[in-house]
Amino acid sequence: MREITYAQALNEALRECMKEDERVILLGEDIGKYGGIFQVTAGLLDEFGDKRVIDTPISEAAFVGASVGAALTGMRPVAEIMFIDFTTVCMDMIINQMAKMHYMFGGRGKVPMVLRTNIGAGRGAAAQHSQSFHALYVHIPGLLVAAPSTPYDAKGLLTEAIKNENPVIFVEHKKLYVEKGPVPEESYSIPFGKADIKREGKDLTIVATHALVLRSLRAAEEVAKEGIDVEIIDPRTLTPLDKDTILKSVEKTGRLLVADEGHKTCGVAAEISAIVAEEGIYSLRAPVQRVCSPDTPVPFSPPLEQSYIPDEKNLIPAIRRLMEYT
Amino acid sequence: MATEVVVPMLGITVERGKIVEWLKKEGDSVEKGEIIFIVEVEKATTEVESPATGILAKILVGEGVEVPVLTVVGVITEPGEELPAKYREPEVLAGEEKAEGEATSSATPEAKASAAPRDVGGAVKAMPAARNLARSKGIDLEAITGTGPGGTILVRDVEAALKGASRPAQKVSTLAARLAEKEGVSLEGIQGSGVRGRVMRADVEARIQKEAAPGLGKVIPMSTMRKVIARRMSESASTAPHIYFFTDIAMDPILDFRKEILPDFEKKYGLRPSINDFLIKAVAMNILEFPILNATVKEEEIHILPEVNVCLAVALSDGLIVPAIANADRAGLVDITKQRKDLVDRALAGRLSIEELERGTFTISSLAQYDITYFTAILNPPQSGILTVGKTREELTPEKGDIKVVKVATFGLGVDHRIVDGAVAADFLQNLKAKLERPMFTFLNL
């Protein structure tokens, strides 16, 4: 199969959906002429015109609100917020409008929109352009939250997000945009709530999201040399979460490491750990480990930022700690 | 509809029972009334019948685990019925299936008994999966040394314990099991020398030799039976004020009587009644004349019990057990002989039912086979009377100006002075003496 980048895969999903359904429109800052800060919307303005690919002013609350309205009246808007950091300025639109309309109208209105954004540190973008607080949206009922980790998943999940009748927060990862992987040329969608086993193993389970999937795969290869057989579960969507696949894996391995780039406190890793404590405690042969971002802002200093980012340097010791309980 | 399987009420004083063995596996079909598991209570094991016909869908309490009576230990569903969700919780404990052809130690050892002294401050640290495994196999975590960080007990530690000393479903060869049962040797702690730790006959023989060795300066953990005896005896001694009465009873008449009827009796019924059988019958009949000796004290009431069930104390290698002959007042000598033989055999094999142990209303304890002239005994609670029998000895007695050799045994009667006074006890014993010394009349209508 041909290999394309994560950004190209997303671009392809958008193009295919726009071709297939004229109700699909894009809104965001610098998504038209510039093609989006990470080039996800590159070429789409030329292909579909400025009625469907709308460069908005720097006015997140306005264009996310406009997207909610458009979705309620029958369109399928895909809004792009340049960094997840900026969703804070349209929080009312997301949490009180986008997430609630379907419920407030007693099911008579729906909001089939997608809000694309991204997380992740590592680009020297400092504390206001590097955050990973996607857990915040997992906390809010009424929103679906997708978290693709590969080009294949990115295309399939975005297609599903656009076709889904519910509002979706589509959380990309900025370090993954350039990662390449096999992606089918035809259109396809990946159902929400179905985790993917990225690596099969028997000694311990890593539930990893976003870039931590890739980093866990590398860590797994490293510890495989020591004879440790790691299984990696990528939930792919955080709402809905495929608990069954996680619990089944933990039942098999008896050891759990949860790896997510969000802050450790009240994060996705905390939630998954709690689920396993509630529903799978008797499978646990070792205390649960979490590999997350520290509870501090992302530092600008490149050496500090490297130290801040959760990756193999954190994963491998955590794996070894788990394997002390054999 | 799903039916819950519970540990039944096993008598008024019984609070807990230990599941010794499941005779059915999960998924087996069961008939109502069929024996599905065996529970051990204090000194006895009892078989529990299935309360319904269907599928044994779930075993909630595995072998070797002790639970309070009326605890739900399994669930029976109708064919095709799904197991109700409430039984599918994670704390559900599966029992272990036994490999075919393996005998399981029926006196399930408590892991605790073999515990090395351990410095534990508060709760034992164990991983949940290890804890779960230990519980489902009936292993006491305190008996296990953790090898994880900070001494945490890991799954592998429990697995090691399972393979070793504290394994409840120990693999035992049939010969070894038979020998152990015969000699009354506990299989607990025996390190099997067979394949995968299987206990072989030689291992049991080694244990027997070791136990026979003089053992000064050692600590012996009490077996379940010993604990029960200890508790019941001290309870009885401290709550019932005991008084004792002794009398010599001439034994020639009853010995002659037995000798006379024995050939015909044996021919007709194929049974050999022992002196004890005559004694049981005589005591039962005597009780009918002194019902207060068939009573039990409940707070400020004296309950005269409706049945006369006479217990016979049976010495075991590691204790003592007192099964009761049912309705000894109404039973004929044939019935008493049969019951006595059956109860003693099963007492030695450790297979008495709770009911057989609990139904007693009066106890006879005999040391006639020892060179003991007379002795006292502690009442078997909640009973009010216990008769002791010393050895039969020869004595010289003056008779019509001559001296005659007679056989005599000293009988003792211990009673609870709260409800039986000295005069009543003396009358009881004298009356019994009269019965035994005039057997022809006593057993006239048998």
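**A mixed sheet, its helices and the chain contact**

In chain B, strand 12 (residues 310-312) and strand 15 are joined by two bridges in the antiparallel sense. Strands pair here if DSSP finds at least two bridges between them. Helices (H or I, at least four residues) and strands (E, at least two) are DSSP runs, numbered from the N terminus. The model is predicted: local features need pLDDT of at least 70, side-chain atom pairs count only at pLDDT 80 or more, and totals for chains, interfaces and linings use all residues. Residues are numbered from 1 along each chain as its sequence is written, and chains are lettered from A and ligands numbered from 1 in the order in which they are written.

Within strand 15 of chain B, Ala324(B) is the bridge partner of Cys311(B). The open sheet of chain B has six strands in the order 9-18-17-16-12-15, with mixed pairing. Its edges are strand 9 (242-250) and strand 15 (324-325), each of which pairs on one side only.

Two helices of chain B pack on this sheet. Helix 7 (residues 275-289) touches strand 12, strand 15, strand 16 (362-366) and strand 17 (385-399). Its direction makes about 150° with that of strand 16. Contact requires C-beta atoms, placed from the backbone, within 7 Å. Helix 10 (residues 422-437) of chain B touches strand 9 and strand 18 (402-416), and its direction makes about 20° with that of strand 9.

The axes of helix 7 and helix 10 of chain B come within 10 Å and cross at roughly 135°. Axes are lines fitted to C-alpha atoms, for helices over the stretch in contact, and angles run from 0 to 180 degrees between N-to-C directions. The two helices are therefore oblique. Angles under 35 degrees count as roughly parallel, over 145 as roughly antiparallel, 65 to 115 as roughly perpendicular and the rest as oblique. Residues of helix 7 of chain B in this contact include Ala282(B) and Val283(B), which face a set in helix 10 including Phe428(B) and Leu432(B).

In chain A, the axes of helix 1 (residues 6-20) and helix 7 (residues 151-163) come within 8 Å and cross at roughly 30°. That makes these chain A helices roughly parallel. Among the contacting residues are Tyr6(A) and Leu10(A) of helix 1 and Leu158(A) and Ile162(A) of helix 7.

The contact between the chains takes twelve residues from chain B and eleven from chain A. Helix 1 (128-137) and helix 2 (155-163) of chain B each supply at least two residues of the chain B side. Helix 1 of chain B gives the most, with four residues.
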